[in-house]
Every structure is written in C-alpha cells, then in structure tokens.
Amino acid sequence: MNTPTPETLENGYFGQFGGRFVPPVLDVKLANLALEFQKVIKDPTFIEELHYYLKYYVGRPSPLYYARRLSETVGSKIYLKREDLNHTGAHKINNCLGQIIMAKRMGAKEIIAETGAGQHGVATATVAALFGIPCKIFMGARDAERQKLNVQRMKLLGAEIVTTEEGTASLKDAVDSALGYYIQHPDAFYLLGSAVGPHPYPAMIHFFQSVIGTEAREQILELENRLPDSIFACVGGGSNAIGLFSGFLEDKDVAIYAAEGGGAGTLSRTASTLVMGRPAVFQGTYSYCLLDDADQPLPAYSIASGLDYPGVGPEHANLKETGRVTYHSITDDEAIQAFKDLSNLEGIIPAIESSHAVALAMKILKGKNELAVVNLSGRGDKDVERDMEKE
Ligand SMILES: *Cc1c(COP(=O)(O)O)cnc(C)c1O
C-alpha cells in the first residue's frame with residue numbers, strides 16, 4: 001500500500017489543498033482519528049488483518065483483464081482493472097474494511113455513515129455486520145424513498161436507517177444530520193465513503209484504496225513487461241481514481257486521465273467539479289467546488305448517483321493544479337453509450353459511474369495504439385433498470 005507523505009500525514013495538505021475546517025468539537029475527534037491512522041499504517045498486525053479480509057472476504061487481488069474486443073474496436077490495447085468483481089460489486093468495500101478495522105481498534109460502540117444512492121450505505125452495513133458493530137445509516141427521506149432496494153439491503157444487513165426531512169432531504173442533509181449525531185456521540189465512528197472531507201479522511205481513503213494501483217502496477221508489469229502509456233478512472237469524490245493513480249503518480253511517462261460526471265454539460269446540470277468549479281472550503285476541506293455567482297455551492301447533477309457530488313477530494317485539486325492528472329467532463333449520453341458498448345463487446349455490464357472512465361478512454365485512445373489501464377470501479381446491475389426505462 002501507498003503511504004501518504006509525512007506532510008500529508010501531519011496536517012492533511014496536498015499542496016495548498018486539504019486541511020481540516022471544522023468546529024472545535026469535531027476538530028478534537030478528528031485529531032484523535034488522525035493519530036490513530038498514523039499508528040495503524042505502521043502496525044504489522046493491522047496491515048495483516050486488513051490483507052486477510054481483502055483476500056478472503058473481498059476476493060482480492062481483482063483481475064487485470066485484457067479487453068480484446070474493446071481494444072480492437074478502439075485501436076489501442078486496453079486492460080480493465082476489475083473492481084466490479086469485488087464482494088458487494090465495487091471498490092467501496094476496500095475503504096470500508098480499512099475503516100472498520102480502525103473502528104474496532106478504537107473501541108467504537110457504533111458505526112455511522114451517510115449515503116445518497118445507498119452504495120456507500122450498503123458497503124458500510126456489510127462491514128458492520130461482518131464485525132458485529134451496530135450501524136446507523138443517515139439518508140435524506142427523498143433518497144430513501146427513491147432507493148428502496150438499497151434501504152432493504154441495509155436493513156437485511158442489520159443497519160438502522162435514519163432519515164431526515166431537512167432541506168432537500170438528500171445527501172447534503174444526510175451529512176448534516178450524521179455530523180450532528182457524531183458530535184453528540186463520542187463512541188461513534190464516522191465511516192466516510194470517499195477521498196473527501198476534513199483531514200485525515202482523504203489521506204486514509206487514499207491509503208485504503210491504493211491497493212488498486214499497487215496491484216494494477218504489478219499486474220501490468222507481469223502481463224506486458226512494461227508500464228502503461230496511460231491510465232483512466234472516473235471521479236465522484238475521487239476514491240477509486242486516487243486508488244488506481246497512486247500506483248503510477250511517480251511514473252512520469254504514464255499519462256493519467258480522469259472522467260467527471262458531465263451531466264447535461266452545463267453549469268446548472270453537471271457534476272464536473274474540477275472542470276467547471278472553483279477552489280473553496282466545502283464540507284471541512286479546501287478543494288474545488290461547484291459554485292454559483294454568489295460563491296454558494298450548487299447542487300450537482302449526473303446520471304451516475306456515485307458521481308453526483310458538488311465537491312471533490314483535495315488531492316485531486318492538487319493533481320489538477322500541478323497538471324499531473326488531466327480532468328475531462330463526460331456527459332450522460334457519452335456514458336450511456338460506453339455502458340452499452342462494454343456490455344456488447346466484452347459481456348461486462350459496468351456501473352454507469354465506471355462507464356464515464358470507459359467513455360473517456362475510448363475517446364482519447366482512438367487509433368493511438370497505446371497500452372492503457374481503465375479502472376472498472378463497479379458492476380452495473382443497479383443501472384440496468386434505468387436503461388430499460390429509456391428503451
Ligand atoms: C461511489 C462510486 C463511484 C464514485 O466514488 P469515488 O469516490 O469517486 O470513487 C464510482 N464508481 C462506483 C461504482 C461507485 O459506487
């Protein structure tokens with residue numbers, strides 16, 4: 001795994017981005033969490049336990065699969081990193097396992113998490129069941145109504161669903177209500193789902209997802225005897241992307257591309273934070289955010305609920321500023337086309353989130369004859385129904 005730099009470990013900064021902008025009560029709790037994180041990454045017992053579950057519970061390493069028919073169609077040699085084959089069907093479980101093992105060590109009496117579409121809620125409820133720790137999932141009432149199947153899954157896994165009617169009764173309101181609960185309950189552990197929020201979460205989630213990039217680098221070297229020319233991932237908060245990228249950031253000859261949820265392609269209907277947003281403090285960290293003319297956060301929009309977030313992790317803001325990673329906006333329509341193409345060409349139905357990465361790769365790699373790795377962050381069973389509605 002890929003350990004954060006000492007500077008990032010200490011204060012959570014990636015260049016000028018990151019940090020911890022929270023009220024004093026939270027600051028104390030998060031400083032404590034940051035200390036624990038510094039301890040566990042040096043503790044062989046912790047690392048061993050994490051690897052045990054990644055191997056036997058999640059099913060890692062995930063394959064690096066040569067997509068022959070996709071490659072022939074595009075005119076470049078494309079490998080897919082198959083995070084869709086993980087238990088629960090996406091990369092989110094890697095991070096949830098790391099955090100729940102920390103929670104257990106810290107003696108947490110309860111796990112709390114927020115969820116929008118329910119994907120992070122299900123992954124959290126899964127690991128809470130695995131470790132036998134009670135779990136509360138905070139959700140906007142409107143989201144809970146729209147995501148009945150995931151609500152049912154979480155209940156089956158033993159989680160309690162706490163809905164809020166505040167605001168627009170969606171993700172941002174769920175975060176507010178979970179934070180309120182967290183402040184009042186010292187024994188609760190807040191299990192955050194992406195590489196966003198205040199320090200130490202972006203550094204922690206980088207670490208727990210770096211298993212993707214570490215494996216992919218070893219696998220491509222074994223299969224092709226060389227590094228790829230380029231790598232691709234989609235970015236919501238940025239956790240699956242930072243996971244893959246972390247394995248290749250030092251390899252200056254590897255071009256790195258990220259696909260944001262472009263929605264309909266306008267500022268009022270997009271989730272392309274790095275392409276269309278500006279630097280700001282949002283939800284505890286200094287990073288990029290979608291803002292209106294009065295510098296207020298705009299609601300994000302993308303067909304992919306996993307990309308539908310007006311902020312982005314601070315490490316990505318820095319990677320954009322330094323130019324190490326190139327960020328592109330992929331529209332809903334482009335993602336839907338890639339969703340169909342990959343299903344047809346490879347017999348793999350990708351998550352609509354991951355389809356953004358596939359779409360960007362198909363665009364950039366066309367006729368280039370390059371060697372590339374695309375992160376398939378999750379499987380698309382959840383997206384089939386919407387596709388049927390559009391037929
Ligand atoms: C949640 C999710 C994403 C977006 O989250 P990141 O933190 O940006 O990785 C992408 N793909 C899938 C399948 C997801 O479930």
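**Notes on the predicted model**

1. The second largest pocket has a lining of 23 residues, and those nearest its centre are Thr 5, His 206, Leu 249, Glu 250 and Glu 315. Elements that contribute two or more residues to this lining are helix H1 (6-11), strand S1 (13-14), helix H10 (201-224) and helix H13 (314-322). Helix H13 gives the largest share, four residues. A pocket here is an open set of points on a 1 Å grid over the protein atoms alone, with protein on both sides within 12 Å along at least five of seven lines, and a lining residue has an atom within 4 Å of a point. Helices (H or I, at least four residues) and strands (E, at least two) are DSSP runs, numbered from the N terminus.

2. On provenance, this is a predicted model, in which local features need pLDDT of at least 70 and side-chain atom pairs count only at pLDDT 80 or more, whereas totals for chains, interfaces and linings use all residues. Residues are numbered from 1 along each chain as its sequence is written, and side-chain values use heavy atoms, with hydrogens and water left out.

3. The volume of the second largest pocket is about 430 Å³, a volume being the space filled by probe spheres set on grid points that are joined across faces, edges and corners. Its lining has six nonpolar, 10 polar and seven charged residues. In this classification Ala, Val, Leu, Ile, Met, Phe, Trp, Tyr, Cys and Pro are nonpolar, Asp, Glu, Lys and Arg are charged, and the others, Gly among them, are polar.

4. How many cavities of 30 Å³ or more does the structure hold? There are two, a cavity being a set of grid points where a 1.4 Å probe fits but cannot get out. The second largest cavity has a volume of about 40 Å³, and its lining includes Val 196, Ala 280, Phe 282, Tyr 288 and Tyr 309. Strands S11 (278-282) and S12 (285-289) each supply at least two lining residues, and S12 has the largest share, with three. This lining divides into six nonpolar and four polar residues, with no charged residue.

5. The chain is divided into domain 1 (14-54 + 92-198) and domain 2 (59-89 + 203-390), with bounds that come from an automatic or database domain assignment. Their C-alpha centres lie 23 Å apart. The contact between them takes 36 residues from domain 1 and 37 residues from domain 2, where contact means heavy atoms within 4.5 Å.

6. The largest nonpolar core has 90 residues, of which Phe 37, Ile 100, Met 102, Tyr 201 and Phe 245 touch the most other members. A nonpolar core is a set of buried Ala, Val, Leu, Ile, Met, Phe, Trp, Tyr and Cys residues joined through side-chain atoms within 4.5 Å; buried means under 20% relative accessible area, exposed over 50%, and partly exposed in between, with a 1.4 Å probe and protein chains only. Not counting residues up to four places away in sequence, Ile 100 touches Ile 111, Val 127, Ala 128, Phe 131, Ile 133 and Leu 191.

7. Asn 150 lies in helix H8 (residues 148-156) and is buried at a relative accessible area of 11%; leaving aside neighbours within four places in sequence, Asn 150 is in contact with Ala 117, Gly 118, Gln 119 and Val 122. Ser 355, in helix H15 (residues 352-365), is buried at 0%, and touches Ala 335, Ala 338, Phe 339 and Pro 350, not counting residues up to four places away in sequence.

8. Some backbone values deserve a check by eye. Most residues other than glycine have a negative phi, and most peptide bonds are trans. The bond joining Arg 60 and Pro 61 is cis, with omega about 0°, and the one from His 199 to Pro 200 is cis, with omega near 15°. Gln 283, in the loop between S11 and S12, has a positive phi near 45° and is partly exposed at 26%. Asn 369, in the loop between H15 and strand S14 (371-376), has a positive phi near 60° and is exposed at 67%.
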